[in-house]
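Let us take a walk through this protein together, one stop at a time. Have the sequence and the 3D view ready, and turn the view as you read.

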Amino acid sequence: MSGSTTGQGTLLPGDPPGGRKAMAVWGIGVAVYFVAITYRTSLGVAGLDAAERFHINASALSTFSILQLLVYAGMQIPVGLMVDRLGTKKVLILGVVLYTVGQFGFALSQSYAMALGSRALLGCGDALTFISVLRLGARWFPARRGPLIAQIAALIGMAGNLVSTLVLARLLHTFGWTPTFVASALGGFVVLALVLAFLKDHPKGYEPAPAPATHTGGAYVRRQIADAWREPGTRLGMWVHFTTQFPAMVFLLLWGLPFLVEAQGLTRGEAGELLTLVVLSNMVVGLVYGQVIARHHNARTPLALGTVAATALLWAVTLAWPADHAPVWLLIVLCAVLGACGPASMIGFDFARPANPPERQGTASGIVNMGGFTASMTTLLAIGVLLDATGDNYRIAFVSVFVLEALGVAQILRLRGQAHRRERERLVTSRVEAVHVPA
């Protein structure tokens with residue numbers, strides 16, 4: 001196939017053209033992800049209500065978050081394989097059905113066990129969405145748009161977090177538990193109808209080659225995973241995601257509010273404003289990172305390592321502050337920097353994407369996505385254990401952040417040279433194939 005040139009650059013072989021229809025179809029997939037994030041983070045504003053409704057203590061309450069992360073992380077490779085095998089539309093339909101049923105179940109739960117099961121079901125559905133949206137973007141847009149498209153998807157997902165913080169919290173206070181969660185679950189029906197009616201896996205004329213009959217069974221699954229893992233770009237992407245995502249995830253999901261209130265002496269209202277700042281910073285930085293990487297691909301590693309360094313520095317200054325409480329200005333800067341963690345974690349997918357062929361993109365994305373959620377789950381547990389062991393000493397408990405960051409940085413530095421060389425080889429091959437040679 002010969003390459004073509006547009007006003008915005010060269011299309012490599014097989015690149016879809018993008019355009020308005022691509023934006024519309026991709027927008028439906030992003031809407032599914034937006035609703036998933038709203039459901040995922042809805043417990044964050046209902047923690048006290050859940051503790052009262054189910055008569056549970058803080059440890060039992062934290063199990064909701066840990067279970068969701070456990071289910072989400074454990075599902076990533078299976079989801080990647082499903083996307084590669086079944087296509088985006090079927091996987092998104094299943095995801096919407098699961099997380100909608102889970103949200104309805106949570107709304108109607110009268111017991112802790114039923115609520116826990118509902119959150120696990122919701123986590124399964126949530127796990128099916130993001131990799132599907134990444135695959136949808138790769139099928140509908142040129143490769144050069146990949147970094148920006150992925151960052152915008154993550155940005156819109158974070159807007160779902162704001163809906164939980166600003167809308168669901170108010171509805172919960174006004175109407176109570178069951179009406180609020182039942183009403184939110186109706187959003188699942190809306191996006192399900194859109195997916196069924198309008199979503200397509202790929203543009204016309206860009207159908208992937210039919211999978212050979214050998215692409216089934218356990219041997220094929222093992223080969224897909226092994227081939228994706230063998231690529232240094234996949235492993236580098238996983239460690240980038242591992243190292244960058246978890247500080248903000250842990251802060252937003254569970255330990256941010258207790259740290260700000262109990263260790264830093266803020267009111268719940270002030271702490272909530274700082275958590276909102278993390279989300280807003282995430283959205284702004286995501287747009288900047290996406291534009292920078294789309295224009296300067298070599299900026300990926302410096303941006304990732306720079307974000308890790310800034311996060312570690314701000315945490316070190318905050319925890320080592322000589323007074324009992326860090327000044328408010330420092331906490332504001334800390335939360336603004338934590339907002340860069342989500343966009344930096346998206347860089348991991350930008351390493352895995354060019355390292356794998358289209359038929360293996362879902363599997364590779366699943367491996368990458370496991371990184372940050374595994375680190376988040378580990379840190380959630382480590383902080384809880386250290387808090388119990390030290391009598392709620394947050395300065396000691398948050399040292400676990402530095403341990404995981406050091407591990408991740410060591411792996412990034414080990415893999416980056418090999419991954420970059422391999423990627424340059426693939427790019428040269430693609431450009432040679434894009435040149436039309438007359439017969």
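How many cavities of 30 Å³ or more does a search of the whole structure find? The search finds 4 of them. Please keep in mind that you are looking at a predicted model.

Let us begin with the largest cavity, which holds about 90 Å³ of space. Its lining is made up of Ile131, Leu134, Arg135, Ala138, Phe349, Ala352, Arg353, Gln361, Gly362 and Ser365. Three helices each supply at least two residues of this lining: H6 (130-140), H14 (341-352) and H15 (361-390). Helix H6 gives the most, with 4 residues. Sorted by class, the lining of the largest cavity has 5 nonpolar, 3 polar and 2 charged residues.

The next stop is the second largest cavity, with about 70 Å³ of space. Around this one you will find Arg40, Ser65, Gln68, Leu69, Tyr72, Gly123, Asp126, Met249, Leu253 and Phe373. Here helix H3 (58-86), helix H5 (112-127) and helix H10 (232-263) each contribute at least two lining residues. The largest share, 4 residues, comes from H3. The lining of the second largest cavity divides by class into 5 nonpolar, 3 polar and 2 charged residues.

Now let us turn to the aromatic rings. The count comes to 23 aromatic pairs. Tryptophan 177 and phenylalanine 181 are both buried.

A second pair brings together phenylalanine 259 and tyrosine 394, at 5.9 Å centre to centre and 65° between the planes, which makes it edge-to-face. This pair links distant parts of the chain: phenylalanine 259 is in helix H10 and tyrosine 394 in helix H16 (residues 394-397), 135 residues apart. Are the two partners buried or exposed? Phenylalanine 259 counts as buried because its relative accessibility is 1%, below the 20% cut-off. Tyrosine 394 has a relative accessible area of 6%, so this residue is buried as well.

Our last stop is valine 401. You can find this residue in helix H17 (residues 399-434). Its relative accessible area is 3%, and therefore valine 401 is buried. Which residues is valine 401 in contact with, leaving aside its neighbours within four places in sequence? The contacts are Phe246, Pro247, Trp315 and Thr379. For a sense of distance, look from valine 401 to isoleucine 77: the two are 324 residues apart along the chain, and their C-alpha atoms are separated by 25 Å.

Notes:
Residues numbered from 1 in each chain as written. Predicted model: local features only at pLDDT ≥ 70, side-chain atom pairs only at ≥ 80, totals over all residues. Heavy atoms only, no water. Buried < 20%, exposed > 50% of the residue type's maximum accessible area, 1.4 Å probe, protein only. Contact = heavy atoms within 4.5 Å. 1 Å grid on protein atoms, 1.4 Å probe; cavity = no way out; pocket = protein on both sides within 12 Å on 5 of 7 lines; lining within 4 Å. Points joined across faces, edges and corners; volume = space filled by probe spheres on them. Nonpolar A, V, L, I, M, F, W, Y, C, P; charged D, E, K, R; others polar. Phe/Tyr/Trp six-rings, centres within 6.5 Å; stacked < 30°, edge-to-face > 60°.
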